[in-house]
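This note concerns the charged side chains of the entry shown below. Please read the points alongside the coordinates.

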Amino acid sequence: MWYVMQVRSGMEESIRLQCRKKIPEQVLKDCFIPMGEVQRKYHGEWHKMLKPLFPGYLFMITDRLEELRIRLQKVDGLTKLLGTGDDIVPLTEEEVMFMVRFGGEEQIVRISKGILEGSQVRVVSGPLVGMEGSIQKINYHKRMAYLKTHMFGREQEIKIGLEVVMPKS
């Protein structure tokens, strides 16, 4: 099952490394930070970088939740495992499928590419192919698409890299 742990934003990698070091693989099958590939312009050129897709959250895969909870008490900086009330709730099958579809095995959401056709964008490559209807807005200047998705029991806005080119005439 996939679970989500809330941590202080900016501390994701530090806590991920602690979990890997202090919790055996039999208990914690995987611990990762879903990343999104984005582009930033500096020194007059565009550069690709990776940013956390969900800042302040760490994803964990385990089938031994109680043992994981006990071992997490030795990890500095974690806030809590997400759930409702006192119950820790795993991601739904739909949420897991969304994460796998967008991030693949490595959990890195690559930059999509699109073509401007009139006033509409048609995505031609990347994880946003066929998802044009889910895009809430596009910031062409920052090369970013904003999507709303249901995750962690509520609506989340996520930013995904989208490079839009004008068609050749």
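Is Arg 110 buried, partly exposed or exposed? Arg 110 counts as partly exposed, at 34% relative accessibility; buried means under 20% relative accessible area, exposed over 50%, and partly exposed in between (1.4 Å probe, protein chains only).

1. The model is predicted: local features need pLDDT of at least 70, side-chain atom pairs count only at pLDDT 80 or more, and totals for chains, interfaces and linings use all residues. Residues are numbered from 1 along each chain as its sequence is written, and side-chain values use heavy atoms, with hydrogens and water left out.

2. Eleven salt bridges are counted, each a side-chain nitrogen of Lys or Arg within 4 Å of a carboxyl oxygen of Asp or Glu. Arg 110 pairs with Glu 106 at 3.0 Å, N to O. Glu 37, Glu 106 and Arg 110 are linked in a network of such bridges.

3. Between Asp 30 and Arg 20, the closest N and O atoms of the salt bridge are 2.6 Å apart. Because Asp 30 lies in strand β2 (residues 30–32) and Arg 20 in helix α1 (residues 12–22), the pair ties together parts ten residues apart in sequence. Helices (H or I, at least four residues) and strands (E, at least two) are DSSP runs, numbered from the N terminus. Asp 30 is partly exposed at 26%, and Arg 20 is likewise partly exposed at 44%.

4. A further salt bridge joins Glu 163 to Arg 143, with the closest N and O atoms 3.6 Å apart. Glu 163 lies in strand β14 (residues 154–165) and Arg 143 in the loop between β12 (135–139) and β13 (144–151), so this pair ties together parts 20 residues apart in sequence.
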